[in-house]
Amino acid sequence: MKQYEALASFFNNRCIQMVLSNPKKKGEVSKIRLRPILLNDKLCFQQTSFIGEKVFHKNMSAQEAALEVERALREEFKQGQITTETEIVTVLSNKYGHLTFRIKAQETKRDPYAMEHNRKKNYILEEGVPVPFLIDLGVMSAEGKIIRAKYDKFRQINRFLEFIEDILPELPRDRELIILDFGCGKSYLTFAVYYYLQVLKHYDLRVIGLDRKADVIDNCNRLRVKYGYEKLQFLQGDIASYEGIDRADMVITLHACDTATDYALAKAVKWGARVILSVPCCQHELNKQIKNELLDSVLSYGIVKERMAALLTDALRAEYLESRGYRTQLLEFIDMEHTPKNILIRGIFTGKAADNIEQIRKIEEFFQASPTIGKLLE
């Protein structure tokens with residue numbers, strides 16, 4: 001208990017950072033760094049764990065962080081260094097987990113913005129610059145300040161625009177672009193795409209948002225008229241039955257549920273879309289199908305089967321797109337700490353079809369799976 005109390009005394013607003021290093025044995029985590037942050041004006045600590053080439057973040061209260069550091073030093077790391085405004089503390093842990101503290105007085109200047117968790121970043125849609133649709137959708141104040149409860153939504157919108165910024169060279173500038181957003185919902189992203197490409201980048205484009213909810217569509221149409229977005233329209237309809245166009249340059253789906261994603265991808269392929277951006281949701285289909293005698297014990301755990309089915313579904317979707325001439329990537333859309341439904345499928349049409357159908361068939365046979373995307377594309 002004394003060791004914990006000694007460590008806990010450093011978890012206050014004078015702390016600048018803590019670093020745990022020199023693992024006692026080879027394992028996953030090579031280093032841990034903690035820094036104080038303010039969440040809702042309350043002092044917390046953000047833990048950054050380094051595992052191979054990946055980095056994982058977790059926010060904790062001061063008490064939780066102190067307990068975690070004390071445990072990690074006893075069990076996993078030989079050394080820790082704590083930097084405060086007035087001293088540097090070296091913590092040594094022997095093989096029995098006993099901690100020794102060495103304190104050296106030293107003044108350290110703190111970055112004045114270091115504890116601001118939501119400090120200003122270089123976003124495509126900038127903080128402090130009022131954007132009409134973000135104000136009406138409750139993300140921004142009239143002065144351009146991000147509403148605290150909507151900050152994650154603001155980051156999500158900007159992250160999505162970054163994916164679009166990456167593929168701008170794939171979009172022609174000598175004609176009107178047609179962009180479809182299937183299952184647009186409240187249309188945060190639909191408005192953002194139109195605003196970014198038409199208002200900021202001056203593309204000639206027509207954007208169509210499609211959703212089954214009439215009240216949502218009515219509200220979106222009211223807003224687009226208010227903003228004077230003449231080439232943005234919202235329609236009530238279903239992904240599977242929509243036949244309003246015969247070509248598209250970009251097809252977007254955000255959290256289209258289960259096989260609705262497959263219908264959207266198949267439509268995009270049919271229309272010869274240059275770009276596909278899809279964030280799937282609720283992949284139930286393969287969860288009901290997959291079987292394999294070798295993996296019976298593994299698949300008996302519901303949560304493992306659910307996640308394996310979701311990953312397999314998206315991997316097969318990507319492979320089918322590859323077979324139709326798309327260069328396909330599976331990318332992290334937003335941090336896992338916000339939602340596990342964070343995989344974005346990005347397909348860029350190249351016309352070079354992969355010779356992978358036989359491999360796809362072997363995978364489907366191994367798992368006894370028959371995904372909708374395969375049936376639709378056949």
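Trainee: Why is the sulfur of Cys184 too far from Cys220 for a bond?

Mentor: This is a predicted model. In it, the sulfur of Cys184 is 5.5 Å from the closest cysteine sulfur, in Cys220. A disulfide needs the two sulfur atoms within 2.5 Å. So Cys184 and Cys220 are too far apart for a bond.

Trainee: How many disulfides does the rule give?

Mentor: The count is zero. Take Cys44: the nearest cysteine sulfur belongs to Cys15, 13 Å away.

Trainee: What makes Cys44 count as buried?

Mentor: Buried means under 20% relative accessible area. Cys44 has 9% relative accessibility, so Cys44 counts as buried. Cys184 has a relative accessibility of 9%, so Cys184 counts as buried too.

Trainee: How do you know that the span of helix 6 agrees with its 14 residues?

Mentor: Helix 6 covers residues 214-227. At 1.5 Å a residue, helix 6 should span 20 Å. The end C-alpha atoms are 20 Å apart, so the two values agree.

Trainee: Which residues of helix 6 are buried?

Mentor: Val216, Ile217, Cys220, Asn221, Leu223 and Tyr227. They cover an arc of only 165 degrees around the axis, so they lie on the same side of helix 6.

Trainee: Why do residues three or four places apart point the same way?

Mentor: An α-helix has 3.6 residues a turn, so such residues point the same way.

Trainee: What do the buried residues of helix 6 pack against?

Mentor: Helix 3 (132-136), helix 5 (188-200), strand 9 (205-211) and strand 10 (232-236). On the other side of helix 6, Asp215, Asp218, Val225 and Lys226 are exposed.

Note on methods
Residues are numbered from 1 along each chain as its sequence is written. This is a predicted model: local features need pLDDT of at least 70, side-chain atom pairs count only at pLDDT 80 or more; totals for chains, interfaces and linings use all residues. Side-chain values use heavy atoms; hydrogens and water are left out. Buried means under 20% relative accessible area, exposed over 50%, partly exposed in between (1.4 Å probe, protein chains only). Helices (H or I, at least four residues) and strands (E, at least two) are DSSP runs, numbered from the N terminus. The expected span of a helix is 1.5 Å times one less than its number of residues. The arc is that of the directions from the helix axis to the C-beta atoms. Contact means heavy atoms within 4.5 Å.
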